[in-house]
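Subject: Structure for you to look at

Hi,

Here is the structure I promised. Please open it next to this email and follow along.

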Amino acid sequence: MPLRTEEMTLNMGPHHPSTHGVLRFILASDGEVVHSCKPDVGYLHRSIEKIGEKMTYLGFMPYTDRVDYVCAMNANWGYALAVEKLAGIAVPRRAEFIRVIVGELNRISSHLVALGTMAMDLGAITPFPWALRERERVNDLLEEICGARLTYNYVWIGGVAFDVPAGWLEKARSFVDSFERMIPEFDRLITGNKIFHERLVGVGVIDRETALGYGISGPNLRASGVAWDIRRDIPYGIYPELEFDVPVGACEAGALGDCYCRFRVRVREMEESVKIVRQCIDRFPHEELEFRTKLRRVKPPIGSVYVASEAPRGELGFLILSNGTEYAERMRIRTGSFTAMSVLEKIAPGLMVADLVAVIASLDVVAPEIDR
Amino acid sequence: MDIEEIERRLREGVPGGIVEIHRAPYSPHLVVDAAKIRDVCRFLRDDPALRFDYLTHLSALDTGATLCTVYRVLSLTHKRTVAMRAYVPRDNPVIDTVSDIWPSAGWFERESFDLMGIEYRGHPDLRRLLLPDDWEGHPLRKDYVDPLRYQDIDNTRDYEI
Amino acid sequence: MNFTDMREINLHQSLPDGLLVTNVDKLLAWGRLSSLWYLLFGLACCAIELMQTGGPRADLDRFGAVPRATPRQADLMIVAGTVTLKMAKRVKRLYEQMPEPKYVISMGSCANSGGLFAYAYSVLKGIDKVIPVDIYVPGCPPRPEALTEALLEIQKKIQNEKYLGRGPVAAGAKE
């Protein structure tokens, strides 16, 4: 007598041990194999876009921290770029260098969280405290410069909020020197591990067509073989003066665009960030003393602007519509995790439930970027 | 190829599709006739000189008597980007979907429907994305009033701000 | 030997004869406060700070607090992050799933009162609108030291609670 199987509807979340925030997936599965996965988002919808119409441009900066709190400096920076372009505000050169240093340090700490939680989701508990230990050191550096550990509100419109304290650049340099030696340790711990390979290689392949069609950006897009990095292709700040490579998926094991590729791209991006920070510290303009254009209020002319920046999770773009007052007419935020979440509906069928956890972890989504 | 040349190519490819080019005070964009949005988008994606294969974002604006959908597309082969706007009347905000041309529009259009109330004709799964299914109203509209209660939960503040 | 604060007991030095005179309530309280298992309930930014508090530097494990993923095995719920209206029902259900005696720490401004999202249409202005809260921790996000102090305050509260002599408890009521 043949075994009769039925489709089972399984609910994953919104409260679950995987630490990517409040996400809910409604799975239709036949035993262990997923037939369809519908993400149900909105559990962290905090109406940030509507609040953008109620706050002044200067007062909206803390909200951009909360759009992506794991890499708040980059989120602040993206918003500052958009308002500066809209209102025609110039940024001093010293501030540009400081922005790159803190932005890349935050990229390192954001990737550490991504890799640590990915390893923890797969069951490897040890890399997580290792990643947190390094992240604590970055937190110390950033706390010294601006006073906060997580939601910095440091990159302001027209520059940065405070100047670098005495001795900070040397501490940053010694951090990146020691962190560069830590990356091979991390590699020895998990990258060559057989279980890690079995769980990630060949799982959740996103090919180039799907990646472009679904609007994926950032390390996820580069892991699928598309060499697109806003820092290099639509550059902002002083990135044109810096030398760095853009890691593209190299398919060291398995298929291009699988979870292992995305993992390796993030590790190599951390190495590139170390290079960028070191270059900035070497070329730091000590003779320039201006670090902020002092603004009492920001009242851009009527108009609109869309500026994209490369956040660790993808393209973070701000579309700001101005009606000539201090309050924005429309504040639209385009994030990388939103599109990364939508691709799950396409690639989930055929995966096992455990593979789905690995895919979600490797896409590095955070709930506030999806829901805003 | 700047926006004038893109517009010229579009005028040849999709007659009547482009209404006008808008420049300052807004960042340059093409105003597209809402009835021809699908033809324009398909031409933008498939024409070899344009090849706009990546939809950066699809957003909704409240422009008074009309509601507007903003599209921004990117061509990775030619490394350029162009923005478009399509206006629909506020009392009947219906426009065709482009989610089969660029699959990322699937979720962008759902969000636009959820928060602004623009309906996308032909969308395979048009339902609320970010707000609960039984939410009433479309919050990003200018005439939206915050609700005082949601189901049996009190949504008011106990303090002044 | 009598102890007013059970946390001061060091078994080797304080009990040379191996005898302890106390009441059962205090002994039970000592057991309960030294093993507060908290529900991993990180919603937003405060979740990252909760993670860092459980991490290597400000270690919560040394107080006996380990994270549990399921509410059935937890007796402390740290609401870390903004609670939206869509999530509020689920928070209440998770709270009801926790077995008695249970405690709630409201961590961060958003859980205390809505925080900087007080202007939002979709945010619950304070988790105490749906569940009873024992300790409020201010901060945006609170430092790991602040959260550790909140845990110590809960321990102090448990120590002073009369658990055995409290009489019949109605279902769902909180002392």
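First, a term: contact means heavy atoms within 4.5 Å. Leaving aside neighbours within four places in sequence, I127(C) is in contact with V79(C), V83(C), V91(C), S106(C), A111(C) and V133(C).

Some ground rules. This is a predicted model, where local features need pLDDT of at least 70 and side-chain atom pairs count only at pLDDT 80 or more, while totals for chains, interfaces and linings use all residues. Residues are numbered from 1 along each chain as its sequence is written, chains are lettered from A and ligands numbered from 1 in the order in which they are written, and side-chain values use heavy atoms, with hydrogens and water left out.

**Cores**

In soluble globular proteins, nonpolar side chains tend to be buried together. A nonpolar core is a set of buried Ala, Val, Leu, Ile, Met, Phe, Trp, Tyr and Cys residues joined through side-chain atoms within 4.5 Å. Buried means under 20% relative accessible area, with a 1.4 Å probe and protein chains only.

The largest nonpolar core has 213 residues. Which of them touch the most other members? They are Y79(A), Y154(A), W168(A), I320(A), M77(C), V79(C) and I127(C). Helix α4 (residues 93-121) of chain A gives this core its largest share, 13 residues. Helices here are DSSP runs of H or I, at least four residues; strands are runs of E, at least two; both are numbered from the N terminus. Another core, of 21 residues, lies apart. Its members include L60(C) and A150(C).

**A buried glutamine**

Q52(C) sits in helix α3 of chain C. Is Q52(C) buried or exposed? Q52(C) counts as buried because its relative accessibility is 1%. Its side chain makes a polar contact of 2.8 Å with that of R135(A). (A polar contact is a pair of N or O atoms within 3.5 Å; within protein, one must be able to donate a hydrogen and the other to accept it, and residues adjacent in sequence count only if both atoms are side-chain atoms.) Beyond four places in sequence, the residues in contact with Q52(C) include L132(A), E136(A) and A58(C).

**Cavities**

A cavity is a set of points on a 1 Å grid over the protein atoms alone, where a 1.4 Å probe fits but cannot get out; lining residues have an atom within 4 Å of a point. Points are joined across faces, edges and corners, and a volume is the space filled by probe spheres set on them.

There are 7 cavities of 30 Å³ or more. Of its 17 lining residues, the closest to its centre are C45(C), C46(C), T82(C), C110(C) and C140(C).

Best wishes

How values were computed
1 Å grid on protein atoms, 1.4 Å probe; cavity = no way out; pocket = protein on both sides within 12 Å on 5 of 7 lines; lining within 4 Å. Buried < 20%, exposed > 50% of the residue type's maximum accessible area, 1.4 Å probe, protein only.
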